[in-house]
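Have the sequence and the model in view as you read.

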Amino acid sequence: MPITRMRMRPWLEMQINSNQIPGLIWINKEEMIFQIPWKHAAKHGWDINKDACLFRSWAIHTGRYKAGEKEPDPKTWKANFRCAMNSLPDIEEVKDQSRNKGSSAVRVYRMLPPLTKNQRKERKSKSSRDAKSKAKRKSCGDSSPDTFSDGLSTSTLPDDHSSYTAHGYMGQDLEVERDLTPALGADGVAADKRGWQGVPAK
């Protein structure tokens, strides 16, 4: 009978308590703070059996890797593990305690109290609201040439524009007309604003 796959948090707790993975330890068990060794594979002295064993164990547990069937792929194991960790609602990274560089690089995490039923519902509804709002923004962003930027189609405007009044713009029209009318120079010759002369005034 196959072993039932555990959720990541209880599986991780079991791994920490087993003391079988070097560097995977509780920093403060009361506050549920623990560290994971996170040495970069390019670093001198990196060892797949020492520095990637947690990631490999998770890949084996999830069925993504079976020894002997595939070539070992520690880069993918680590990426999958990181994604799984980031998706957990009840584990967060304590970034100010993590060390990302060097031969003793570690990531520090805290296990949060399990969410109540109401918190889970609230979180679920918030994520679905966010997804809907993202989809809405995306659909508004795909505007065709005959659509305004606010998502209104030009077909909502009436064909007959005679009902529009320009009373509020009369003052502006006079200003524009005054700017366009050439001013007379002292010699009676019209000059535009650029100083060009040549058309005698009537």
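Predicted model: local features only at pLDDT ≥ 70, side-chain atom pairs only at ≥ 80, totals over all residues.

Residues are numbered from 1 along each chain as its sequence is written, and side-chain values use heavy atoms, with hydrogens and water left out.

Let's start with the second largest pocket, which is lined by Arg5, Met6, Arg7, Met8, Trp58, Thr62, Arg64, Asn80, Ala84 and Leu88. Its volume is about 160 Å³, where volume is the space filled by probe spheres set on the points, and points are joined across faces, edges and corners. By class, this lining has 5 nonpolar, 2 polar and 3 charged residues. Here Ala, Val, Leu, Ile, Met, Phe, Trp, Tyr, Cys and Pro count as nonpolar, Asp, Glu, Lys and Arg as charged, and the others, Gly among them, as polar.

The largest pocket has a volume of about 210 Å³. It has 13 lining residues, and His40, Ala41, Pro74, Lys75 and Lys78 are the closest to its centre. The lining splits into 7 nonpolar, 1 polar and 5 charged residues. Helix H4, residues 74-86, contributes the most, with 5 residues; helices (H or I, at least four residues) and strands (E, at least two) are DSSP runs, numbered from the N terminus.

Around it sit Ile21, Ile36, Pro37, Lys50, Asp51, Cys53, Leu54 and Phe55. Strand S2 (33-37), helix H2 (48-51) and helix H3 (53-61) each supply at least two of the lining residues, and H3 gives the most, with 3. In this lining, 6 residues are nonpolar, none are polar and 2 are charged.

Now for the helices. H1 (residues 8-18) packs against H3 at an angle of about 135°, with the axes 12 Å apart; axes are lines fitted to C-alpha atoms, for helices over the stretch in contact, and angles run from 0 to 180 degrees between N-to-C directions. That angle makes H1 oblique to H3, since under 35 degrees counts as roughly parallel, over 145 as roughly antiparallel, 65 to 115 as roughly perpendicular and the rest as oblique. Met8, Trp11, Leu12 and Gln15 of H1 touch Leu54, Ser57, Trp58 and His61 of H3, contact meaning heavy atoms within 4.5 Å. This contact has 5 nonpolar, 3 polar and no charged residues.

H3 also meets H4: their axes come within 9 Å and cross at roughly 75°, so the two are roughly perpendicular to each other. Leu54, Phe55, Arg56, Trp58 and Ala59 in H3 face Trp77, Lys78, Phe81 and Ala84 in H4, giving 7 nonpolar, no polar and 2 charged residues.

Finally, the axes of H1 and H4 come within 11 Å and cross at roughly 115°. Met8, Trp11 and Leu12 of H1 make this contact with Phe81, Ala84 and Met85 of H4, and the class count is 6 nonpolar, no polar and no charged.

Technical notes: 1 Å grid on protein atoms, 1.4 Å probe; cavity = no way out; pocket = protein on both sides within 12 Å on 5 of 7 lines; lining within 4 Å.
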